Amino acid sequence: MPLSSPGVSGPHHFSERDAKSSAAADDEDRVWPLDSLALLNKFGSPAWVAFTGSFNNPSSPGGFENFVRPVFQNLASERSLGSFRPQDEIKSRLSNQTLSEKQNRRELCSQLKLGNVHRSWVQAQTLLSPVFDNLAPEQKHLTLLQQAIKVETSPGIVETCQLTQLEQVASEESARLAAMHHVGPIHTFMFSGSGRLLMANKRGRERYQHIRKSGDIMLLDLFQQGVYTDLHTTADKAYKLAMDSIFVHKEEVHRFPMPNRSRKNPNRARWTLFEMWPINDPVTGLPAMLVKLYNVTQQKEMEAVLQLQKEALARQLRQLEQQKKQLEHFNATIQEEKDTLVLQNNSLTERLEAVTNEKLPSHQFDGQTPIDKTLDLLQCLIMGKTPNNDDTVALFHLLSQASVDLRQPISLEEQLMEDSDIDADVGAAMVQLLKGNTNRVHPPPTSNSSGRTSFDFPGSPAGVESFTRTRARRSSIVSVSSITSESSFDKDVDFGIGACITPQVERMLQDAEKNWQFDMFAFAQETNGNHLSVLTFHYIKTSGLVSRFNLSESKLSRFLCRIERGYLDNPYHSSLHVASVVQMMHMIMVHGGLLKRKVLDDLTTLGCYMAAAIHDYEHGGVNNDFLIQTRDSLAVTYNDISPLENHHVAAAGRLMRDPGYRFTDELSKADHRVLRGSVIEMVLGTDMKRHFNILSRFQNTFQRRDTTSSRSNSMELPEDIPHHRAPPRHNIDVRSRHSIDLSRARSVRAPVTAAAAQASTLSRGSTSQSDNSSWDNVSDENKGIIRQVALKCADLGHLAASPEVHKRWAYLLEEEFFLQMSFFSIVGIPLFKSMADIFEETRPMLQGVMENLKMWEHEAAESGAPPAGSPKPHAYATD
């Protein structure tokens with residue numbers, strides 16, 4: 001049978017953990033046929049099997065009833081306990097038990113598990129008399145061994161039953177000792193509600209037998225062993241508090257530290273901790289108390305040391321708090337002085353700008369868009385100011401026009417063409433660059449007899465001939481069929497990125513990691529023309545993106561080499577320019593604050609590198625307006641909408657579809673969509689026709705200060721936009737298309753003094769706030785605007801190069817396009833300053849731009865006009 005005596009001779013060996021037999025694993029799965037239970041007759045002690053449990057009964061006290069259905073009993077149980085009562089009588093007797101008796105029976109049944117043997121000390125009359133008809137009245141406490149077994153009570157029906165064996169009849173002493181061990185083996189004494197000793201283990205009796213020479217030990221005797229130096233604490237008070245805590249207040253545990261003297265060294269203090277727990281006397285059923293005594297002398301000594309240390313630390317803390325208050329007062333004084341100096345500096349700056357403004361021509365370029373004007377008006381209202389009525393009406397009529405472009409500067413074409421400080425041909429070129437598709441679209445410049453550069457209109461024969469000659473000179477104008485053909489590029493060829501890595505190249509790559517004015521010309525020479533593929537692969541590899549997305553290194557290398565060879569031998573829009581853009585994009589992301597503020601995640605970081613590498617892929621050396629005016633196939637394909645930019649990203653996308661170049665096979669579909677979307681968004685944003693649209697959205701999203709916090713609680717800026725201090729605009733004037741207030745004059749002044757005005761602003765330092773936490777909730781859409789502006793800055797990165805390198809770019813760019821220094825103040829400086837205002841780590845770019853602008857202004861001032869044969873201090877950016 002599964003139940004066997006664990007070989008324990010007495011209840012004092014009881015452990016609260018169930019005793020599991022060696023055959024427990026077999027017992028859990030074994031099913032006992034009903035006839036095999038006859039084996040129990042071989043037991044010399046009473047044993048029986050019954051199906052037990054409980055069920056819900058709302059009408060019964062406690063809301064449940066117990067049930068017992070006898071299954072089998074051996075002969076020894078019939079002799080000692082009698083036969084099973086009839087089922088109806090068992091049910092009636094169980095129903096008439098008290099709630100406490102019912103709960104004890106249910107708890108006993110719930111402790112049984114298959115394979116486990118459980119020993120219990122029980123009151124015989126309560127547990128067994130409802131089931132057996134001949135239980136002797138003198139049998140009060142019994143020791144039972146119980147186990148759950150599976151029995152086939154009827155053919156095909158297996159039930160989990162309770163097998164019980166009567167181990168021995170318990171005495172009062174053993175019952176109390178067993179109860180003490182059942183709660184926990186640590187308790188030394190059991191006292192009655194009157195404080196009389198009921199039971200003590202062997203160690204407890206030996207330890208305190210000297211207290212009384214005759215009679216039982218009382219709980220008060222233990223308390224009287226203490227040495228009480230506190231007049232408010234005596235043995236009687238401590239004893240009464242303990243009795244009240246256990247028997248009156250029903251506390252789960254009561255503890256009392258008692259001081260006394262050491263028996264070995266009477267001069268040494270000793271601490272004893274009383275720990276008292278409530279329990280019911282298993283013999284009488286009355287409330288009793290379990291008591292355990294611990295020696296906590298070392299603990300008390302440690303507490304005394306810690307208390308002294310605590311007091312010392314408290315004194316130090318008070319001193320630090322006083323020092324903190326002094327520092328706060330000192331910092332407040334410094335802050336007040338700083339605020340005063342800032343106000344004085346701003347006042348002096350405004351006065352200087354006012355004086356400078358009086359010396360400037362009356363005309364200045366107004367770069368504000370209708371959206372800017374509208375937001376200025378709303379900000380003025382929010383700040384509690386009353387705008388000019390004529391301005392409001394003029395803005396209303398402006399917004400009512402069906403043809404108005406909300407993100408384009410007001411009357412852009414008229415401003416550029418009528419600006420007395422801008423040459424007419426240059427103004428027309430600026431219109432073509434920034435607006436496009438106007439009645440004034442000009443071909444590249446030709447040189448006239450006066451040595452100045454002029455333009456032939458495309459409507460004239462000379463203009464058409466000029467365009468034809470220019471296009472014929474290109475070895476390959478943009479053609480999808482000719483450039484993307486695989487016939488001239490074998491994707492199985494090893495392009496040899498690794499072969500380009502020499503010690504000098506490695507040193508230059510390390511410099512490219514952190515240099516805002518990296519010399520790409522020198523790098524291209526060292527890498528034998530593999531500058532774009534080597535640099536881009538290095539960034540993607542060292543940034544951990546290859547391992548992060550499990551990118552195929554061989555396919556990535558092949559793809560980058562194929563992209564590099566897809567760039568034509570243009571003077572400016574070549575792989576050399578694109579490698580420079582990749583390097584500047586890396587600097588903006590890593591050292592310009594984008595990664596630091598978590599504007600980019602790993603996927604969009606990969607997208608930035610890819611967008612920078614392909615943003616001019618298969619560029620033919622002409623701009624979008626040339627393609628549109630000549631009805632080129634690309635313009636027809638993309639419906640005159642950013643044909644170059646659409647082709648760059650589409651051609652690269654077609655290349656990525658080839659399995660030999662598809663290095664992103666391990667990306668999920670969702671990641672593919674995000675990566676592709678970010679690349680498309682950034683590349684299309686490089687179209688200069690969208691320049692003011694993107695810059696206006698960037699400035700209005702991140703630079704316009706929230707003025708509503710102190711004015712109105714009903715109108716606030718979006719919560720996902722970090723608050724940056726931007727210069728407030730109060731002068732709103734849309735009546736004149738050329739109007740501009742002083743706060744904007746710093747970024748859009750006329751060319752001659754633009755550097756001086758920008759230097760004034762730069763000297764005051766960035767007004768951005770670099771709190772990273774404010775970027776946590778920036779939306780994905782607004783992060784996309786940041787990525788677009790970042791790539792635009794990188795695309796114009798040569799403006800921030802060292803003067804020597806910048807001049808080389810200027811010579812190359814002039815061969816393709818012609819613009820004037822106005823590009824600095826109208827496009828370049830506002831773009832780089834907006835980026836630096838938000839991401840102050842990009843200020844080295846702005847400083848480089850200002851240095852180059854000063855260089856051109858200085859040369860123009862010395863020569864009076866651009867020297868013949870030299871690049872006009874101009875020439876800066878294209879589609």
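User: Leaving aside its neighbours within four places in sequence, which residues is Glu159 in contact with?

Analyst: This is a predicted model, in which local features need pLDDT of at least 70 and side-chain atom pairs count only at pLDDT 80 or more, while totals for chains, interfaces and linings use all residues. Residues are numbered from 1 along each chain as its sequence is written, and side-chain values use heavy atoms, with hydrogens and water left out. Contact means heavy atoms within 4.5 Å, and on that basis Glu159 is in contact with Phe51, Arg69, Ile149, Lys150, Val151 and Thr153.

User: Is Glu159 buried or exposed?

Analyst: Buried means under 20% relative accessible area, exposed over 50%, and partly exposed in between, with a 1.4 Å probe and protein chains only. Glu159 has a relative accessible area of 17% and is therefore buried.

User: Which residues have the most contacts inside the largest nonpolar core?

Analyst: Nonpolar side chains tend to be buried together in soluble globular proteins. A nonpolar core is a set of buried Ala, Val, Leu, Ile, Met, Phe, Trp, Tyr and Cys residues joined through side-chain atoms within 4.5 Å. The largest one here has 108 residues, and Ile588, Ile614 and Met835 have the most contacts inside it. Apart from it lies another core of 24 residues, including Ile217 and Phe274.

User: What sits over the ring of Phe64?

Analyst: A charge sits over a ring if NZ of Lys or CZ of Arg is within 6 Å of the ring centre and within 35 degrees of the ring normal. Over Phe64 it is the charged end of Arg106, 3.8 Å from the ring centre, and Arg808 lies over the face of Phe521 at 3.9 Å from the ring centre.
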